[in-house]
Amino acid sequence: MTIKVAVAGATGYAGGEVLRLLLGHPEVEVGALTAGANAGTPLLAHHQHLTPLADRTVEATTAAALDGHDVVFLALPHGHSAGVAAGLGPDVLVVDAGADHRLSDPVQWRKFYGSDHAGTWPYGLPELPGQREVLAATRRIAVPGCYPTTVTLALLPALSGGLVSGRDVVAVAASGTSGAGRSLKPNLLGSEVMGSASAYGVGGVHRHVPEILQNFALLGAAEPTLSFTPVLAPMARGILATVTAPLPAGVPADVVRSTYVAAYGNEPFVTLLPEGMWPQTQSVLGSNAVHVQVTVDEAAGRLVAVAALDNLTKGTAGGAIQSMNIALGLPESLGLTTIGVAP
C-alpha cells in the first residue's frame, strides 16, 4: 500500500530536505506541497534540485489542501504548526518539524518562545530509551531540534549509564547556516559568513536549552544544568558538538568507552568511531548518520564527547522520516542512509 504524504512549508530548507528524502522512500507518494507567502509558485523555483517534482505548483497551507493524506509533515516556523494540526483528523500521522510541541513545560515555552504553549507530543528521537515503543503507538510526533539531537546523543550513554549526573554540562556546537532557516537575515549573507565563525545565543538564552535539559532529565539527570554556546560556522550544513561533563574520580577511560559501545552497538544511525578518530561534518553530509567519539580528560576530571550530524537530515528531516517509519510499522531505516557525501 502506497503512503500518501503532504508537506506543509515545502519551500523552506526543512521542507525541501523532507521532500528530497521522501523521493527516495519506496513506500511513499508525494502529495500536496504547501507554503505561505510562496503559494502559487513552482516548487522548482525554490528547490531546483528536486527535478522529479518539476511539474508541481505550491498550494496555500489550508486544511483542504492537506486533507486526504496518510501523513502530513509540518515544516513551519514556530507558532504555526498547532493551528494547522488542529484541522487534521486523529487518524492522520502528523509529524511536526517545528518547535511547537517539543517542550513539556508551558513556563519554559513561554519564557523562550513568548507565546502560549500548544501542548506536548511524543518526541521524535528514537534513540532515547523506550521511545520507539512510544512512537509506534502515536499519530502525533514532535521532531527534536537539531542542537538537542546532537548534544543529547553525544551524552546519552554517559547519562543513561550513570557515569555523569547531568550537572555542570558544557556544550559548544558549531552549525551550518541552514539551521537558521531560509528567511533573509543580514548576518547570514555570504559576505558576512564566508571565512568567519561567530557565537550567538550566548549565556543560556538559545531556545534549544530547555529542550536539551528536558532530554537530560528523561535520561535520569535529577537536576541537570547546562552552559550551551552555539557557533555559526561558514558552511551550509552540519553540526559538530563538543560536550563535557564532570566525571567521578576513578572512572577509567575503558569503562567510559565500553558504556558507549553498549549503548550504540545496535543503533542503526549512530556510529561510535574507532578510538583516535574524531567526528567531522563532511562525513555525515546528506545522511541520517550520527558520528560520536568519547574520551576522558583526566587532568580536568571531565568526560568529553564529540558528535557530528547533518542538521537538515538527522537533525530535522531524516529524524522525522525515521520516526514516521516507526509510527507506520515500517523498517526504521527505510528511505534513509548512513552514507555521507565527502569531501
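User: Which elements cover the buried residues of helix 1?

Analyst: Helices (H or I, at least four residues) and strands (E, at least two) are DSSP runs, numbered from the N terminus, and contact between them means heavy atoms within 4.5 Å. The cover over the buried residues of helix 1 includes strand 1 (3-8), strand 2 (28-35), strand 4 (71-74) and helix 10 (313-327). Please keep in mind that this is a predicted model, in which local features need pLDDT of at least 70 and side-chain atom pairs count only at pLDDT 80 or more, while totals for chains, interfaces and linings use all residues. Residues are numbered from 1 along each chain as its sequence is written, and side-chain values use heavy atoms, with hydrogens and water left out.

User: How many residues of helix 1 are buried, and which ones are they?

Analyst: A residue is buried under 20% relative accessible area, exposed over 50% and partly exposed in between, with a 1.4 Å probe and protein chains only. By that criterion seven of the ten residues of helix 1 (residues 13-22) are buried, which makes the helix mostly covered. The buried ones are Gly-15, Gly-16, Glu-17, Val-18, Leu-19, Leu-21 and Leu-22.

User: At what angle do helix 6 and helix 9 pack?

Analyst: Two packed helices are described by the angle between their axes and the distance between the axes. The axes are lines fitted to C-alpha atoms, for helices over the stretch in contact, and angles run from 0 to 180 degrees between N-to-C directions. Helix 6 (residues 146-160) and helix 9 (residues 253-264) have axes 8 Å apart and an angle of about 110°. Angles under 35 degrees count as roughly parallel, over 145 as roughly antiparallel, 65 to 115 as roughly perpendicular and the rest as oblique, and helix 6 and helix 9 are therefore roughly perpendicular to each other.

User: Which residues of helix 6 and helix 9 meet?

Analyst: From helix 6 come Leu-153, Ala-154, Leu-155, Leu-156, Pro-157 and Ala-158, and these meet Thr-259, Tyr-260, Ala-263 and Tyr-264 of helix 9. Sorted by class, this contact between helix 6 and helix 9 holds nine nonpolar residues, one polar and no charged ones, where Ala, Val, Leu, Ile, Met, Phe, Trp, Tyr, Cys and Pro count as nonpolar, Asp, Glu, Lys and Arg as charged, and the others, Gly among them, as polar.

User: In what order do the seven strands of the open sheet lie?

Analyst: Two strands pair if DSSP finds at least two bridges between them. Here seven strands form an open sheet with mixed pairing, in the order 8-9-7-10-13-12-11. Strand 8 (198-199) and strand 11 (270-272) are the edge strands, each pairing on one side only. Strand 11 runs parallel to strand 12 (residues 290-297), joined by three bridges, and Thr-271 stands opposite His-291 in strand 12. Helix 8 (residues 209-218) packs on the sheet, where it touches strand 7 (169-175) and strand 9 (226-232) and makes about 130° with the direction of strand 9. Helix 9 lies across strand 11, strand 12 and strand 13 (302-309), at about 160° to strand 12.

User: Is Thr-138 buried or exposed, and what does its side chain reach?

Analyst: Thr-138 sits in the loop between helix 5 (131-135) and strand 6 (140-142), and it counts as buried because its relative accessibility is 10%. A polar contact is a pair of N or O atoms within 3.5 Å; within protein, one must be able to donate a hydrogen and the other to accept it, and residues adjacent in sequence count only if both atoms are side-chain atoms. The side chain of Thr-138 reaches the backbone oxygen of Arg-140 at 3.0 Å. Not counting residues up to four places away in sequence, Thr-138 touches Leu-93, Pro-122 and Ala-327.

User: Which peptide bond is cis?

Analyst: The bond from Ala-342 to Pro-343 is cis, with omega near 5°, and Pro-343 lies in the segment after helix 10.
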